[in-house]
Amino acid sequence: MMLLLRRPRPLSLFAIFAFATCGGYSGGLRLSVDCVNKTESNLSIDIAFAYPFRLHQVTFEVPTCEGKERQKLALIGDSSSSAEFFVTVAVFAFLYSLAATVVYIFFQNKYRENNRGPLIDFIVTVVFSFLWLVGSSAWAKGLSDVKVATDPKEVLLLMSACKQPSNKCMAVHSPVMSSLNTSVVFGFLNFILWAGNIWFVFKETGWHSSGQRYLSDPMEKHSSSYTQGGYNQDSYGSSSGYGQQVSLGPSSDEFGQQPSGPTSFTNQI
């Protein structure tokens with residue numbers, strides 16, 4: 001349990017959810033064009049699209065309601081760059097988490113040798129945190145463009161037959177975007193988890209231990225100097241007080257002794 005809390009390895013599970021919900025997506029919409037001449041109508045126009053969402057390459061044919069002529073159209077937009085970048089970050093994050101798990105469990109000694117493993121782990125974690133933020137933000141904008149480009153109302157505006165009031169155009173089926181919305185949520189969730197895990201990885205590096213030693217050494221020196229200064233001050237005070245007692249006046253022996261001058265004078269008399 002402590003291993004899961006201290007290391008970024010369980011994040012591989014969230015990375016799987018991120019690239020699976022985005023990279024495995026395929027959807028579509030269905031439109032109908034009911035012309036005045038029923039023989040020219042097409043009530044089931046299916047438009048399918050999928051990852052990597054190069055919508056400008058998705059083509060379909062619709063009736064023009066002017067004889068048997070068909071109009072070839074394509075969706076608008078290309079969100080492949082943001083989608084592919086998001087999936088690439090998720091895949092590499094998964095692979096790194098998986099490889100680091102093996103190293104951390106089975107090669108613990110080599111991982112901590114010369115503090116190289118924790119430092120590399122820390123740098124890679126910071127990089128992936130940044131990539132998750134950029135990739136999730138870019139994909140969120142790309143998904144917004146995909147939703148606009150595949151909106152049936154926007155697609156109907158591309159058809160010339162739908163510009164005539166006598167023809168009836170409507171959306172039969174709209175694309176389901178729930179899995180793509182989930183991919184964006186998992187993208188930002190991965191960013192939060194990887195960014196929050198930076199501190200736990202940093203604690204295993206030599207930078208964290210050296211910083212603690214740097215903070216503890218001055219405190220110990222300050223405490224030691226304070227103790228020595230207090231001891232010397234007490235010693236100085238006691239010695240000086242003793243000296244002052246000695247120098248207050250003559251001793252009892254000196255006070256009781258007769259002066260030698262008058263005694264010698266009496267003997268002479």
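**Close-up views of the predicted model**

**View 1. Phenylalanine 53 sits in the loop between E2 and E3.** The model is predicted. Phi of phenylalanine 53 is about 65°, a positive value, although the residue is not a glycine. Is phenylalanine 53 buried or exposed? Its relative accessibility is 0%, so phenylalanine 53 counts as buried. Most residues other than glycine have a negative phi, and most peptide bonds are trans.

**View 2. A cis peptide bond links tyrosine 51 to proline 52.** Omega for this bond is about 15°. Proline 52 belongs to the loop between E2 and E3. Phenylalanine 53, with its positive phi, is in the loop between E2 and E3 too.

**View 3. Cysteine 65 lies in the loop between E3 and strand E4, which covers residues 70-74.** Here phi is near 60°, and this positive value belongs to a residue other than glycine. With a relative accessible area of 13%, cysteine 65 is buried. The cut-off for that class is under 20%.

View 4. How exposed is glycine 67? Its relative accessibility is 30%, so glycine 67 counts as partly exposed. Glutamate 40 is 27 residues away from glycine 67 in sequence. In space, the C-alpha atoms of glycine 67 and glutamate 40 are 6.6 Å apart.

**View 5. The largest nonpolar core contains 43 residues.** Which residues have the most contacts inside this core? They are Ile47, Phe49, Phe60, Trp132, Trp139 and Met159. At least two core residues come from each of helix H2 (11-23), strand E1 (26-34), strand E2 (42-50), strand E3 (59-63), H3, helix H5 (116-149), helix H6 (152-156) and helix H7 (178-196). H3 gives the largest share, nine residues.

**View 6. Tryptophan 132 is one of the residues with the most contacts inside the largest core.** Neighbours within four places in sequence are left aside here. Among the remaining contacts of tryptophan 132 are Ala15 and Ala18. Phe86, Val89, Ala90 and Ala93 also touch tryptophan 132. Gly187, Asn190, Phe191 and Trp194 are in contact with tryptophan 132 as well.

**View 7. Valine 103 is part of a nonpolar surface patch.** The patch is formed by Val102, Val103, Ile105, Phe106 and Phe107. Together these residues have about 460 Å² of accessible area. Valine 103 lies in helix H3, which spans residues 80-106. Its relative accessible area is 35%, so valine 103 is partly exposed.

**View 8. Residues 85-107, 119-140 and 184-202 are listed by UniProt, in an unreviewed entry, under "transmembrane region".** What is the secondary structure over residues 85-107? The chain there is 96% helix and 0% strand. The end C-alpha atoms of residues 85-107 are 31 Å apart. Residues 184-202 are 95% helix and 0% strand. For residues 184-202, the end C-alpha atoms are 28 Å apart.

View 9. Of its 269 residues, 32% are buried. The accessible surface comes to about 16,800 Å², and carbon and sulfur atoms account for 62% of that area. What share of the contacts with a separation of 6 or more joins residues 24 or more positions apart? That share is 73%.

Methods. Residues numbered from 1 in each chain as written. Predicted model: local features only at pLDDT ≥ 70, side-chain atom pairs only at ≥ 80, totals over all residues. Heavy atoms only, no water. Buried < 20%, exposed > 50% of the residue type's maximum accessible area, 1.4 Å probe, protein only. Contact = heavy atoms within 4.5 Å. Areas by Shrake-Rupley, 256 points an atom, 1.4 Å probe, with all protein chains shown as cover. Patch = residues over 30% accessible without salt bridge, like charges linked within 9 Å, V, L, I, M, F, W, Y side chains within 5 Å. Salt bridge = Lys/Arg side-chain N within 4 Å of Asp/Glu carboxyl O. Helix = DSSP H or I, 4+ residues; strand = E, 2+ residues; numbered from the N terminus. Core = buried A, V, L, I, M, F, W, Y, C linked by side-chain atoms within 4.5 Å. UniProt positions renumbered as here; feature names shortened; annotations may be inferred.
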